[in-house]
Number of protein chains: 2
Amino acid sequence: MIIHIDKSDNRRFVYQQIYNELRDIILEKKLSAGDPLPPKRRLASELKVSINSVTNAYEQLLAEGYIYSKERSGYYVEDITQFTGLEQSGPDNRLPKDLKEERVQRESYQYSLSHMSTNLKLFPFKAWIKSEKLAIEHHKDEMSDISHPQGPYMVRETIAKLVSLNRGVVCEPEQVVIGPGTQPLIRQVLDMEEFKNSTVGMENPGYGRMHQLFKDMNLDVLPVSLDRQGLNIDEVKSKKPNVLYITPSHQFPTGKIMTISRRIEILNWAAASGVRYVIEDDYDSEFKYGTDNIPSLQSLDNKTNVIYSGTFSKTLTSSLRISYLVLPPELLRAYRANYSSIIQGSSTLNLFTLHYFIKSGEYDKHLKRMNHYYEKIRSALVKEIKNQYKDRVEITDIPAGLHFIAKFKSGKSYAEVEQKAKAHRLELYTLERFKIDDSPTEEDRISLVIGFAKLQEEEIRPVVDVLKQIV
Amino acid sequence: MIIHIDKSDNRRFVYQQIYNELRDIILEKKLSAGDPLPPKRRLASELKVSINSVTNAYEQLLAEGYIYSKERSGYYVEDITQFTGLEQSGPDNRLPKDLKEERVQRESYQYSLSHMSTNLKLFPFKAWIKSEKLAIEHHKDEMSDISHPQGPYMVRETIAKLVSLNRGVVCEPEQVVIGPGTQPLIRQVLDMEEFKNSTVGMENPGYGRMHQLFKDMNLDVLPVSLDRQGLNIDEVKSKKPNVLYITPSHQFPTGKIMTISRRIEILNWAAASGVRYVIEDDYDSEFKYGTDNIPSLQSLDNKTNVIYSGTFSKTLTSSLRISYLVLPPELLRAYRANYSSIIQGSSTLNLFTLHYFIKSGEYDKHLKRMNHYYEKIRSALVKEIKNQYKDRVEITDIPAGLHFIAKFKSGKSYAEVEQKAKAHRLELYTLERFKIDDSPTEEDRISLVIGFAKLQEEEIRPVVDVLKQIV
């Protein structure tokens, strides 16, 4: 038995070298099942190493099951199973070329008109870290355990209070369910027995990721068109969904605000028959310029048919992954019955930090600051587009949220526009993307979803110039 | 039309008061559809308020759809739908008593022997915050956008390198999928078409939450018993699952380490026929006392049948919600096809922080420190239990992980033990909880899953005293 040891090798300890050598000897069947290993003392003296090194190597082989020991006798080789079929070339375990990633960098864009971004330039990271230190100081113990399936009670209390003040939502902390995103949360709810064989009505155009989610869940999706007042209620009545997924405060992507009448009609519809639920996705209603916020649909609901969905993705950043639902009591009961053993998915370090960030007033301050900043950028961008395009553009100028729709006279196709945007290194999304049926595209018009969150003031003129070359 | 304004009310602006009054007048039908609102100037002078206050109130009513405007004419009341059925007492929207939460506080326990905890007393929060500051400094721009569905490439690179060094896992960053927990990640994988009608073999006793997940997904779960070498391979062969979910490095909850022979047998089984996959949940293998870590099963797999699952829940804290899978190439292809539009669920703020925490060497330092600390607590606790119980206890003393199994001679039932533990304010979990079939309970024996992560050195003697009163 030849064992090579290189004492000058400082990447591997001597015992690791002995272990490796013996392991290979065993796997290559140079020692057979039942063969004894040399006594530790003898091997140590042969290799001129300490007996400890041999002991450590033997212990490791023992732990992994290469050898076994007999008391007062020594160590013996286990009967090791052989790998079968090693000679065949199985599936290659190197990564095929087509799975290699293009390392897409955000920085590869020169400008971004993405509706998905938020602006972190003004984010008070110092205050965030200060809140984090408080979270660490006061909640170390809770953070060493798995949190409540709905999130820590204290944080739910803070969110319940916030959403009651800012959005008129009527709720107790018990009804708040925290999670790492609106989609996984809504998925959990719709996964429950209560929603088996549900048909979901959603706005068309509407939120693409949610549409994808419903399809992934094999739910029947019924596109509902929009009219002057918001969601077309007659279509809801004729298509007969039992769940509605809507964005009444700032329709995504068109930006429409649902009128009070339509809100009441929808609540009446929900209350009229059997188990109907309305999911209100209130994704960016904290941003409202000129007027006050529009009260949430949930605040008008006294029949407990509305599931309110909120998030900190727009007001803070989507990178925190903190969203929440407010469940009506009966759904809360079902939720608890279904999900008592799940682990809540938002980082509780971030959640406790958020608690202190809100409590210290920093959240409100940031919201005010961002409302002011976004309004400045939004109105300047709208003005610049109108200036340059005059009557060749139509802007639905709803002073809310982080995006608006601009419809351009253009002979180009959507595919051309998207391709040109890419060539100009402009991040840009068309309205066409958010259509959830195959209705025909309007001719000679290009509608764009223009997000302005990441735009700097000095970028407004150049970005509109680039836009001009594209549409 | 009587409008009450209280200028001394400093909770609500004057315009808000006007808005509220007018809204109520409209909702109560004191003004009918089509009725004109008073001209702004007149109302302002009647109420002795600024014209701005009236304008703001009208704008808000307009935005919410209570009124409409005609150019050069003024404002008119919309035809507002009435709520139906308000007279009926619908479902109460107050929270029923049974849904109120007992505000269970962790502190209500005097001692904890939970296997789910980690110890944060020695966590280098300062170094964490330092890493977080670097993350903020360098990745602000990326954090303002939605991350790659698998997580930021740079962080996956860091994890791939770490898991290759520490666990021998063979992978490219492309194969790493980050998510807010092992369960949602495994759920995503098993939700794919490739796993339709799967039957899942899992260890019995085994990880309860994962068992619950498989049941929730309506997957057929086949309990497989354990033998001296690990998972009983003959049972696997006769029960014929197509997916195995196992914890080979430190079986949960028994702590057994699967022998090299059994590992090879399992890989041979997986490679033998059709599409078979083995999910290796490597949940706490970073903690190994006395010997080196046991190389992962994935490191032996050259047929790409192993899905490796890792987490930072044990090495750092579960409150971060950072776990990951390493997918074999063909599954990666399927994963990308299925989940291109999902939003990755771990906080990217935490992920970038983790990157710098690992890169700076703090992660390795913490791991070393915790290995040392846990070993001290573990061996002292084992010693104390053996001392006090002598031959009335049998401890499977595997020097790994954050828990061990102790089997006590006891005339008590599991229900009695659990009740008594509660009465003594001791957090304690029995092995019985992790049985996934109805095999009979061993008589006159109580097996406990003893977690020691949260135990302080000075608590060891008192906690064993409490244990004595319980079993």
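Contact, for what I'm about to show you, means heavy atoms within 4.5 Å. Thanks for coming, everyone; please keep in mind that this is a predicted model.

Let's start where the two chains meet. By that rule, chain A brings 107 residues to the contact, and chain B brings 107 residues as well.

What about charges? There are 14 salt bridges across the interface of chain A and chain B. One of them joins E78(A) to R228(B), with 3.9 Å between the closest N and O atoms. On the side of chain A that touches chain B, helix 4 (residues 125-143) of chain A gives the most, with nine residues. Sorted by class, that side of chain A has 37 nonpolar, 36 polar and 34 charged residues.

Now, over to a sheet in chain B. Four strands make an open, antiparallel sheet in the order 13-14-17-16. Its edges are strand 13 (393-396) and strand 16 (429-430) of chain B, each pairing on one side only. Strand 13 and strand 14 (residues 403-409) of chain B are joined in the antiparallel sense over four bridges; if you look along strand 14 of chain B, you'll find A406(B) opposite I395(B).

Finally, helix 14 (residues 414-423) of chain B lies across strands 16 and 17 of chain B, at about 40° to strand 17 (445-451). Happy to take questions!

Conventions: Residues numbered from 1 in each chain as written. Chains lettered and ligands numbered in written order. Predicted model: local features only at pLDDT ≥ 70, side-chain atom pairs only at ≥ 80, totals over all residues. Heavy atoms only, no water. Pairing = 2+ DSSP bridges. Helix = DSSP H or I, 4+ residues; strand = E, 2+ residues; numbered from the N terminus. Axes fitted to C-alpha atoms, helices over the stretch in contact; angles between N-to-C directions. Salt bridge = Lys/Arg side-chain N within 4 Å of Asp/Glu carboxyl O. Nonpolar A, V, L, I, M, F, W, Y, C, P; charged D, E, K, R; others polar.
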